[in-house]
Amino acid sequence: DRALTVFSPDGKLFQIDYAFEAVKKGAATVGVKGASCVVLGVERKAVAKLQEARTIRKVVKIDDKITLAFAGLTADARVLVSRARVEAQSYRLTCEDDPSVEYMARYLARLQQRYTQRGGVRPFGVSSILAGFDATTGKPLTYQIDPSGTYFSWKANAIGGRNQKSMREFLEKEWKPTLTDDEAVDLCVKTLLEVVDSGAKNMEVVLLRYDQETKEQTETTLDDEKLDAIIAAIEAEREEPGQGGAAEAKDAEMKDAPAS
C-alpha cells in the first residue's frame with residue numbers, strides 16, 4: 001500500500017497524502033483576486049544570520065504575464081518552475097502568442113499528475129498559486145495546482161502552513177468581488193497575520209495590476225516600509241473598539257457610577 005502505484009484498500013495513494021503533508025510544512029501562501037488586480041503574499045521563514053535573504057524567493061515569474069507563488073519543497077518547486085518556463089517559451093515560439101494562465105495551470109497539473117502513477121518517481125511536494133490576467137477581457141485570474149495533479153480557479157485562497165484552514169475561512173468571510181487594489185493588499189496582509197508574526201520582515205507581498213486602457217500588466221513587490229505602514233494601520237484598526245466594545249465600555253461606566 002505504501003508504493004506510489006498501489007491503491008490502499010480505502011482508495012488512497014499514501015505518497016500523495018504525504019506530499020500534501022510536505023506542503024503543510026511549507027510557508028503560508030495567499031492569493032487574493034481584486035476587481036482589477038491579483039495580490040500574492042507568502043510567509044518569510046527565518047533565515048540564518050549570514051544568509052542572503054534576497055536569494056530565497058517564493059514568488060517567481062513563469063512568463064512576462066504569469067506569476068507563481070508556491071508552498072512546499074523549494075527544490076521541487078525549482079524544477080517545476082524551470083519546466084514551466086521552457087513550456088511557456090515553447091508555446092510562444094510555436095503559437096506566436098502569450099500562453100494563457102489556464103494553459104500553464106493545466107500544463108503544471110498534467111506534469112505533476114504524471115508523477116503520481118509511475119514507478120521509480122515520487123510526487124512533487126509542492127502546491128502553487130498561478131496568477132495573471134485574461135488576455136481578452138483583462139480580468140484577473142488565479143489557479144491553484146496541487147501535488148495530485150488537480151487544478152482549480154479561485155477568487156481567493158491560502159495554501160501551505162499548518163493553519164491554512166483558518167486562513168481560508170478568514171478569506172471566505174472577508175473577500176468580496178469589488179475589492180480595490182489597496183483593499184486586496186490589506187486582505188492579503190490580514191490573512192498572513194493570522195499565522196505569522198507582525199512585521200514586514202516576515203512576509204513578501206506582490207501586487208499584479210492590469211491597465212484596461214493601455215493593456216499593460218505591471219508587477220510590484222511591496223517594500224518593507226510600505227508593508228510596515230499597512231501592518232501598523234491594520235493593528236491600529238484592530239485596537240479600536242467597535243460598536244460592541246463602545247457599548248460595553250458605556251455599560252461598565254454606568255455600573256461604576258455611584259447611585260444618586
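Asn-157 sits in strand 8, which covers residues 156-159; helices (H or I, at least four residues) and strands (E, at least two) are DSSP runs, numbered from the N terminus. With a relative accessibility of 2%, Asn-157 counts as buried. Here buried means under 20% relative accessible area, exposed means over 50%, and partly exposed lies in between (1.4 Å probe, protein chains only). The side chain of Asn-157 makes a polar contact with the side chain of Arg-168 at 2.8 Å. A polar contact is a pair of N or O atoms within 3.5 Å; within protein, one must be able to donate a hydrogen and the other to accept it, and residues adjacent in sequence count only if both atoms are side-chain atoms.

The model is predicted, so local features need pLDDT of at least 70 and side-chain atom pairs count only at pLDDT 80 or more, while totals for chains, interfaces and linings use all residues. Residues are numbered from 1 along each chain as its sequence is written, and side-chain values use heavy atoms, with hydrogens and water left out.

Stepping back to the whole protein, seven helices and 10 strands are found. The C-alpha trace spans about 85 × 55 × 40 Å along its principal axes. Of the 260 residues, 42% count as buried. The C-alpha atoms of Ala-109 and Lys-226 are 35 Å from each other, and the two residues are 117 residues apart along the chain.

Charged side chains come next. Side chains of opposite charge can pair when their charged atoms come close. A salt bridge is counted when a side-chain nitrogen of Lys or Arg is within 4 Å of a carboxyl oxygen of Asp or Glu, and the count comes to 15 salt bridges. In one of them, the side chains of Arg-92 and Asp-64 meet at 3.8 Å, N to O. Arg-92 lies in helix 2 and Asp-64 in the loop between strand 3 (59-63) and strand 4 (66-72), so this pair ties together parts that are 28 residues apart in sequence. Arg-92 is partly exposed at 23%, whereas Asp-64 is exposed at 57%. Both residues also belong to a network of salt bridges that links Asp-63, Asp-64, Lys-65, Arg-92 and Asp-98.

Another salt bridge joins Arg-122 and Asp-76 at 2.8 Å, N to O. Because Arg-122 lies in the loop between helix 3 (101-114) and strand 5 (126-133) and Asp-76 in helix 2, the pair ties together parts that are 46 residues apart in sequence. Arg-122 is partly exposed at 46%, but Asp-76 is buried at 9%.

Finally, a patch of positive charge on the surface gathers Arg-83, Arg-110, Arg-114 and Arg-118. Such patches are made of residues with over 30% relative accessible area and no salt bridge, with like charges joined within 9 Å and nonpolar side chains (Val, Leu, Ile, Met, Phe, Trp, Tyr) within 5 Å. Lys and Arg count as positive and Asp and Glu as negative, leaving out His and the chain ends. Arg-83 is located in helix 2, residues 74-95, and is partly exposed at 33% relative accessibility.

Key
Areas by Shrake-Rupley, 256 points an atom, 1.4 Å probe, with all protein chains shown as cover. Charge placed at Lys NZ, Arg CZ, Asp CG, Glu CD.
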